[in-house]
Amino acid sequence: MRNYDLITPEGTKDLLLEECIIRRNIESSLRSIFKSGGYNEMITPGLEFYDVFNLNSRYFPQKNLYKLTDSKGRLLVLRPDSTMPIARVVATRLKDALLPLKLCYNQTVYRTEPALKGRSDEIAQAGIELIGSQLKIADLEVISTAVSALKSFGMKFSLELGHIGIFKELVSRLEISDAQKEEIRQLIEAKNFPALNDLLDTLGNSFVTNALKVLPGLFGGIEVFDKAQQLMPDEKIKAILDELKAIYCDASEICGDDGEITVDLGLVNKTDYYTGIIIKGYLQGHGREVISGGRYDKLISEFGYDVPAVGFAVNIDAVAKVIAKSGVPVEMPCADVIIFAEAGSEVSAIKKAQELRSEGLTVENAMFEDIDTVREYAKEKRIPKIIIVDDENDNKTEVLA
């Protein structure tokens, strides 16, 4: 008995008509932005060996991966992330390439999070990776490109900046397990103050635990940096804050009045290959980020090539959902002309359609037996012109009112 032949797997969906148009428009816009910045496209396989994602740091838990085996019994996964496969390629096939490398992509990732019902397991992403520069201007270029991407969606947006170094510096001073560090990270990310305070209370009263307790609340404008330095009087953390403050001020100038730039010291991405600045972008009317990225200077070294990098990814599905909810009508394409073939004139009709298409017109061939049905169809589809092809008589053109 077939139980699943009429539905899609959990976490996936079919895209129809307007949904496809919205997605392709987003992809086209992003491709133009990336290309104008000198980024060249890369495509990695949808299937990767599990080992690509099973590095020492184990950024993706095995339980969140879609796994299968190849014909030789080797463990494969559906690509859960685009950055790590690109890191693999850079460390192997592009190891001798001139730096910096400016790469972009538009592909799908697959990952499952059973605890988050309603979330998509199949995510269309487009993004950039700027590889080979530790300079501040590299961070600013990526931020500027993220701002351009958000502006292209045609609605109000905000960009949040953080720095993973603050969290990592604090938790490194606690004598706790990796599991406890991850629990603290999750609570900070969720801004769950009560649970975070309860957990940190069990670890004693210290500068570190007190700083971690307030970390999720340190977000806003330029004033955040003064508050943070008062709460975390530490030279290493002060250097990180100074670095982030300089980037924040420059990013605010780059963005101008087009969107809002804020700082959030509680940005602690789950994908912890980030080593420095973290970027998250939001659109009005959507609670979760549509852009996520940052600096990851140590990831590529795990593949054997020590080179810094920074980048971001756009969640195209999330952007499409916001645009669809905005109420802005989607322009469905319609043909410029429809051709109706009288009996015996089908070949001539096909040739006429080819001729008109070569002139740049969009042409449909009518799939009906009588002209009245064609007229009704053309009116419904907003096709302005009908050409009647008849080998025994001259062709006729009808322009619909």
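User: What does the side chain of Ser345 reach, and at what distance?
Analyst: The Ser345 side chain reaches the backbone nitrogen of Asp391 at 2.9 Å. This is a predicted model, where local features need pLDDT of at least 70, side-chain atom pairs count only at pLDDT 80 or more, and totals for chains, interfaces and linings use all residues. Residues are numbered from 1 along each chain as its sequence is written, and side-chain values use heavy atoms, with hydrogens and water left out.

User: Where is Ser345 found?
Analyst: Ser345 sits in the loop between β13 (337–341) and α11 (346–358). Helices (H or I, at least four residues) and strands (E, at least two) are DSSP runs, numbered from the N terminus.

User: Is Ser345 buried or exposed?
Analyst: Ser345 is buried, because its relative accessible area is 1%. Buried means under 20% relative accessible area, exposed over 50%, and partly exposed in between (1.4 Å probe, protein chains only).

User: And what does Ser345 touch?
Analyst: Val389, Asp390 and Asp391, not counting residues up to four places away in sequence. Contact means heavy atoms within 4.5 Å.

User: Switching to helices. How many residues of α4 are buried?
Analyst: Seven of the eight residues in α4 (164–171) are buried, so the helix is mostly covered. The buried ones are Ile164, Gly165, Ile166, Phe167, Glu169, Leu170 and Val171.

User: β7 has a glutamate, Glu160. Buried or exposed?
Analyst: Glu160 is buried, with a relative accessible area of 17%.

User: Which residues does Glu160 touch?
Analyst: Leaving out residues up to four places away in sequence, Glu160 touches Thr262, Asp264, Leu267, Ile278, Ile279, Lys280 and Tyr282. Glu160 and Gly281 are 121 residues apart in sequence, yet their C-alpha atoms are 6.2 Å apart.

User: What about Glu27, where is its place?
Analyst: Glu27 is in helix α1 (residues 18–36). Glu27 counts as buried because its relative accessibility is 8%. Glu27 touches Asn106 and Ile316, again not counting residues up to four places away in sequence.

User: Now Ala228. Which helix?
Analyst: Ala228 lies in α8, residues 223–231. Ala228 has 0% relative accessibility, so it counts as buried. Beyond its neighbours within four places in sequence, Ala228 is in contact with Leu218, Leu241 and Leu265.

User: How far does α3 reach?
Analyst: α3 (residues 136–152) has 17 residues and reaches 25 Å from first C-alpha to last. That is close to the 24 Å expected at 1.5 Å a residue. The expected span is 1.5 Å times one less than the number of residues.

User: What follows α3?
Analyst: Gly154, with a positive phi near 75°.

User: Zoom out. How many helices and strands in the protein chain?
Analyst: The chain comes to twelve helices and 16 strands. Its C-alpha atoms fill a box of roughly 95 × 55 × 45 Å along the principal axes. Of the 401 residues, 45% are buried.

User: What share of contacts join residues at least 24 apart?
Analyst: 67%, among contacts between residues at least 6 apart in sequence.

Terms used:
Polar contact = N/O pair within 3.5 Å; in protein donor to acceptor, adjacent residues only side chain to side chain.
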